[in-house]
Amino acid sequence: MKKLYLTRTAPNPRKAIILLASKGIDIDNMDDIDVIDIDFGAEEQLSEAFTKINPMQTVPVLTLDDGTVLNDSQAICEYLDRVYGERSVMGNDVIQRAQVCAMRRIAELEVLYNLMLAFQHGHPSKAQRVDQVADFVASSIARAVKALAYFEAALQDREYLVNDQLSFADIVLYLGLDFGKLLKVNPVKQGDNLARFYRMMHERFSNQKMAKAVSKTVD
């Protein structure tokens with residue numbers, strides 16, 4: 001049985017949950033994947049058992065039947081996209097895949113990463129694991145907000161970022177907008193197009209909409 005280790009509220013594991021949901025697949029109702037929730041509040045990711053699975057102590061992690069361990073969210077989503085469902089969220093041909101990749105990387109590196117960096121350097125819960133630099137907080141948020149103008153323009157007169165169908169780029173941008181709320185970056189105050197996009201995605205993929213798995217023990 002494949003095992004997917006995640007936590008429901010962090011952006012990187014949410015990528016996998018939303019990717020499958022966008023293809024009509026409930027991650028908690030799959031015959032060949034056992035979902036295991038890692039309790040970050042209890043620091044289960046730092047436990048000896050989990051560290052043996054992923055020495056980086058991060059989620060998501062996907063272990064395959066042959067012993068392969070994938071511990072990167074992009075790699076896991078590439079695998080899930082190719083193995084499950086019909087339409088590819090990564091792109092249906094080489095041009096679409098390139099377009100989705102470009103948009104996804106900008107959303108990840110310029111928006112989501114900068115907001116996560118601000119959170120790591122500003123939130124008390126990260127103080128023990130990160131050598132926090134207070135000056136990074138405001139500057140990282142500013143870079144993310146500046147990048148949002150690019151997506152506000154990209155969404156002009158269109159529902160999604162690439163070819164008017166939901167792609168992985170949309171998922172990453174949505175997660176960046178949603179995560180920004182923790183840093184008081186209001187996702188519906190960044191332009192009319194982004195507000196419409198966020199509301200549409202949030203209606204489908206908010207944490208409240210996603211099913212909860214029964215908690216299991218790491219072994």
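Helices here are DSSP runs of H or I with at least four residues, strands are runs of E with at least two, and both are numbered from the N terminus. The model is a predicted one, where local features need pLDDT of at least 70 and side-chain atom pairs count only at pLDDT 80 or more, while totals for chains, interfaces and linings use all residues. Residue numbers start from 1 along each chain as its sequence is written, and side-chain values use heavy atoms, with hydrogens and water left out.

**View 1. E43 in the loop between β2 and α2.** E43 has a positive phi of about 60° although it is not a glycine. Most residues other than glycine have a negative phi, so a backbone angle like this is worth a look. With a relative accessible area of 41%, E43 is partly exposed; the scale runs from buried (under 20% relative accessible area) through partly exposed to exposed (over 50%), with a 1.4 Å probe and protein chains only.

**View 2. N163, another positive phi, in the loop between α5 and α6.** Phi of N163 is near 55°, again in a residue other than glycine. N163 comes out as partly exposed, at 36% relative accessibility.

**View 3. The cis peptide bond between V59 and P60.** Omega for this bond is about 5°. P60 sits in the loop between α2 (48–53) and β3.

**View 4. S73 and its polar partner K15.** S73 belongs to helix α3, residues 73–83. Its relative accessible area is 9%, so S73 counts as buried. The side chains of S73 and K15 are joined by a polar contact of 3.1 Å. For the record, a polar contact is a pair of N or O atoms within 3.5 Å; within protein, one must be able to donate a hydrogen and the other to accept it, and residues adjacent in sequence count only if both atoms are side-chain atoms.

**View 5. T63 in strand β3.** The strand covers residues 61–63. T63 is buried, at 14% relative accessibility. Neighbours within four places aside, T63 is in contact with K2, K3, Y5, I53, T68 and V69.

**View 6. Helix α4, bent at E108.** The bend is about 35°, taken as the angle between axes fitted to the seven residues ending at that position and the seven starting there. α4 has 29 residues, and its first and last C-alpha atoms are 40 Å apart, close to the 42 Å expected; the expected span is 1.5 Å times one less than the number of residues. At the start of α4, a side-chain oxygen of D93 comes within 3.0 Å of the backbone nitrogen of I95. Also in α4 is L109, partly exposed at 42% relative accessibility. L109 and A147 are 38 residues apart in sequence, yet their C-alpha atoms are 9.7 Å apart.

**View 7. The two sides of helix α5.** The buried residues of α5 are V137, S140, I141, A144, A147, L148, F151, E152 and A154. They cover an arc of only 165° around the axis, so they lie on the same side of α5; the arc is that of the directions from the helix axis to the C-beta atoms. On the other side, D135, A138, K146, A149 and A153 are exposed. The buried residues pack against α4 (94–122), α6 (168–179) and α7 (192–205).

**View 8. The largest nonpolar core.** A nonpolar core is a set of buried Ala, Val, Leu, Ile, Met, Phe, Trp, Tyr and Cys residues joined through side-chain atoms within 4.5 Å. The largest one has 60 residues, and L19, L80, L161, F168 and L173 have the most contacts inside it. At least two residues each come from β1 (2–6), α1 (11–22), β2 (33–37), α3, α4, α5, α6 and α7. A second, separate core of seven residues includes F50, I53, V59 and V61.

**View 9. L173 and L194.** Neighbours within four places aside, L173 is in contact with A107, L148, F151, L155, L161, L194 and F197. L194, in helix α7, is buried with a relative accessible area of 0%. Not counting residues up to four places away in sequence, L194 touches L148, F151, E152, L155, L173, L177 and P187.

Key. Contact = heavy atoms within 4.5 Å.
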